[in-house]
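This briefing goes through one structure by topic. Please have the sequence and the 3D view open while reading.

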Amino acid sequence: MLEIKNLYAKAGEKEILKGINLQVNAGEVHAIMGPNGSGKSTLAHVLAGRDGFVSTAGSVLFEKKDLLAMTPETRAREGVFLALQYPVEIPGITNTYFLRAAVNAIRKYRGLEEMDPMEFLPWVREKAKLVSMDQAMMSRSVNDGFSGGEKKRNEILQMVVLEPKLAILDETDSGLDIDALQIVAKGINALRNKERAMLVITHYQRLLNYIEPDVVHVLFDGRIVKSGGKELALELEKKGYGWIEEEVKSARPVSVA
Amino acid sequence: MKTEGNAIRDLTTSEYKYGFVSEIEADAAPRGLNEDIIRLISSKKNEPGWMLEWRLKAYQHWITMKEPTWHNVHYPPIDYQNIIYYSAPGAKKAGPKSLDEVDPEILKTFAKLGIPLDEQKQLAGVAVDAVLDSISVATTFKETLGKAGVVFCSFSEAVQKHPDLVQKYLGSVVPYGDNFFACLNAAVFSDGSFCYIPKGVRCPMELSTYFRINAVDTGQFERTLIIAEENSTVSYLEGCSAPMRDKNQLHAAVVELITLEGAEIKYSTIQNWYPGDKEGKGGIYNFVTKRGHCRGANSKISWTQVETGSAITWKYPSVILEGDNSIGEFYSVAVANNYQQADTGTKMIHRGKNTRSTIISKGISAGHGQNTYRGLVKIFKRATDARNYSQCDSLLVGDLCGAHTFPRLEVSNTTARVEHEASTSKIGEDQLFYCRQRGISTEDAVNMIVNGFCKQVFNKLPMEFAVEAQKLLGMNLEGSVG
């Protein structure tokens with residue numbers, strides 16, 4: 001589904017990604033871990049097409065299409081979803097209205113009929129239950145005055161409603177207490193199926209107790225330096241990122257990057 | 001991929017869509033202002049002596065006045081002697097008697113603006129008075145209104161046909177010496193609209209005036225007077241536009257509204273005068289005095305304005321709440337894009353008991369635009385149990401614009417309840433990215449955010465105009481982001 005080949009990218013003027021190779025197939029959940037500044041969020045933003053994050057070499061194919069050539073909205077309509085680490089507030093637009101606008105923009109792109117409010121409301125209410133979001137929160141402006149946990153739950157609600165093919169979760173667990181973490185994990189797990197792929201970006205192993213990954217990658221200095229099964233996450237939890245750094249440093253003279 | 005700065009700068013690339021010039025022969029006065037010009041205007045309109053006297057008194061007062069400087073708008077000094085104070089399209093006599101006599105070019109001009117004046121295409125249920133430069137060129141649906149006893153005509157016609165009413169009410173809300181621009185208007189006003197709704201009559205249709213400045217170097221000084229007798233109601237809407245010219249043009253209008261006991265006037269404005277180009281060259285200086293007087297008990301005056309045009313907007317539609325239990329409302333959306341400057345707001349003067357007022361002001365600043373809200377809520381000692389609620393919200397698009405709020409409260413009665421809320425928010429690149437990441441295009445995202453911001457005000461416009469206002473706003477901000 002997602003094929004990243006030798007991807008180099010800049011955030012602003014600074015080169016952050018230095019040759020990422022990654023293949024994610026439908027139905028798989030990949031965790032991307034790594035210390036701060038290793039390029040995790042940059043990777044997420046390059047994939048979503050955010051301004052200021054520019055790829056300088058390499059390619060990204062999404063369902064065999066050139067993802068990097070698409071505008072952010074086209075990527076979304078094609079089925080790429082990014083749950084932001086810092087969800088944005090939009091005063092004056094209710095959560096429900098925003099969700100319907102997004103759903104209809106995507107439906108229109110796919111040649112489906114747009115949903116009217118009468119149809120949309122009961123449908124979205126059902127989805128909201130999954131992340132324990134009540135009607136009052138649905139009628140409030142998008143993320144406006146939401147707590148950190150509420151914002152993250154709102155991201156997951158959007159994901160559940162938009163039913164993406166590829167979901168990228170950028171540090172969705174950061175700043176969550178244990179209850180909120182469980183709600184968020186429940187929403188994510190509900191969406192796991194054979195057709196859908198997920199890229200779970202996280203600093204800690206904690207989230208992976210709830211969302212079991214198929215593959216764990218360690219990102220360091222803009223490259224994936226180690227990949228393995230879920231046990232790799234546990235090892236990182238125990239030993240920290242220091243030993244990876246050592247490994248990479250001792251190996252570096254050999255590599256011709 | 002676009003950089004952040006670029007995307008925001010693009011917001012200011014919209015073009016003014018009403019900027020064409022019509023080739024219409026005009027009968028214009030020489031430049032400058034003196035008593036002779038005023039006598040000329042008065043004689044062109046064949047006015048009675050009392051009208052000329054009033055104008056001359058205003059002029060004598062005006063020359064003693066100084067242009068105000070307290071506002072938060074900046075412009076080079078206006079040379080009042082270099083303005084043409086009277087320009088009438090076509091015929092050198094008074095306005096045309098029927099549509100057949102109207103110059104086809106004029107009809108075309110209004111048709112281009114979406115204001116059809118020929119009978120077949122008239123807007124259903126809306127009577128229109130069309131004012132080009134200084135002259136009212138056509139008023140539609142006169143007969144239908146006549147049957148209901150409603151008088152809706154040009155101001156000049158009212159001076160001829162209803163002199164008693166004009167004499168009784170003219171200047172009774174905005175006296176000629178009220179302020180510099182109102183005083184200038186009193187001396188040189190050339191036309192405008194006049195409405196009179198008799199006792200107990202609910203006006204059967206929306207009344208509407210469309211103002212158009214066409215001729216070069218002219219000022220437009222119109223005057224509107226609306227009188228709602230006891231227990232009558234009327235909804236009135238004005239729209240305006242002007243050609244694109246690289247010189248600034250002055251527009252100084254006066255509007256007076258009077259409601260007697262139990263009467264209600266709803267006055268809506270969609271102001272789209274030429275705002276100047278992207279560099280701030282040209283555009284209309286819009287210095288307007290609008291005031292309503294709730295003279296009778298239980299009466300109501302409601303102002304709704306959508307101000308998208310003009311290089312400078314300077315207006316404070318106000319209500320004097322004289323009658324007990326009277327209600328004043330002000331709903332405003334003001335846009336300042338590119339180099340536009342808007343200094344607008346309202347005054348709610350509570351004099352009667354149990355009077356109520358509501359102020360909802362929404363300012364949108366984009367490009368290098370500067371948007372100022374200026375308001376006064378004054379509660380007199382005898383205004384027991386008066387209430388006011390004010391809400392002033394500002395929306396910023398980009399980093400180069402500004403929003404300013406100057407609310408003023410003067411309360412002299414301890415039973416008063418006055419509330420003021422204010423907020424400032426910004427359409428940022430992060431919000432737009434967020435919307436786009438959810439599949440919503442940049443344009444739809446901006447429209448959605450701006451319309452969400454203005455919803456409270458648009459809801460107050462007559463339905464068909466609410467749609468117009470949304471479109472206009474979309475157009476004025478088109479391409480402003482991403």
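Predicted model: local features only at pLDDT ≥ 70, side-chain atom pairs only at ≥ 80, totals over all residues.

In chain A, V29(A) has M198(A) of β10(A) as its bridge partner.

- Strand β10 (residues 197-201) of chain A runs parallel to β3(A) and is joined to it by 4 bridges.
- Strand β11 (residues 215-220) of chain A is also parallel to β3(A), again with 4 bridges.
- M33(A) has V218(A) as its bridge partner in β11(A).

**An open antiparallel sheet in chain A**

- Four strands of chain A form an open sheet in the order β2-β1-β4-β5, and their pairing is antiparallel.
- At the edges of this sheet are β2 (14-24) and β5 (65-66) of chain A, each of which pairs on one side only.
- Within the sheet, β1 (residues 2-11) and β4 (residues 53-62) of chain A are antiparallel partners over 8 bridges.
- I4(A) lies opposite V60(A) of β4(A).
- Pairing of strands in a sheet, parallel or antiparallel, goes through backbone hydrogen bonds.

**Helices α6 and α7 of chain A**

- Helix α6 (residues 148-162) and helix α7 (residues 178-191) of chain A have axes that come within 10 Å and cross at roughly 10 degrees.
- The crossing angle is under 35 degrees, so α6(A) counts as roughly parallel to α7(A).
- From α6(A), the contact uses G149(A), K152(A), R153(A), I156(A), M159(A) and V160(A).
- From α7(A), the contact uses A180(A), I183(A), V184(A), G187(A), I188(A), A190(A) and L191(A).
- By class, the residues of this contact between α6(A) and α7(A) are 9 nonpolar, 2 polar and 2 charged.

**Chain A as a whole**

- Chain A has 9 helices and 12 strands.
- Its radius of gyration is 19 Å, close to the 18 Å given by the globule rule for 257 residues, so chain A is as compact as a globular protein of that length.
- Along the principal axes, the C-alpha atoms of chain A fill a box of roughly 65 × 40 × 35 Å.
- Buried residues make up 42% of the 257 residues of chain A.
- Among contacts in chain A with a separation of 6 or more, 73% link residues 24 or more positions apart.

**Where chain B touches chain A**

- The contact between the chains involves 21 residues from chain B and 21 residues from chain A.
- On the side of chain B that touches chain A, α1 (4-9), α9 (429-437) and α10 (442-458) of chain B each supply at least two residues.
- The largest share of that side, 7 residues, comes from α9(B).
- The side of chain B that touches chain A consists of 8 nonpolar, 7 polar and 6 charged residues.

**An enclosed helix in chain B**

- Helix α8 (residues 180-188) of chain B has 8 of its 9 residues buried, so the rest of the structure largely encloses it.
- The buried residues in α8(B) are F181(B), A182(B), C183(B), L184(B), N185(B), A186(B), A187(B) and V188(B).
- They pack against α2 (35-44), α3 (49-62), β8 (223-228), β11 (254-259) and β13 (283-294) of chain B.

Terms used: Residues numbered from 1 in each chain as written. Chains lettered and ligands numbered in written order. Pairing = 2+ DSSP bridges. Rg over C-alpha atoms; globule rule 2.2 N^0.38 Å. Buried ≥ 20, exposed ≤ 12 C-beta atoms within 10 Å, placed from the backbone. Contact = placed C-beta atoms within 7 Å. Nonpolar A, V, L, I, M, F, W, Y, C, P; charged D, E, K, R; others polar. Axes fitted to C-alpha atoms, helices over the stretch in contact; angles between N-to-C directions. Parallel < 35°, antiparallel > 145°, perpendicular 65-115°, else oblique.
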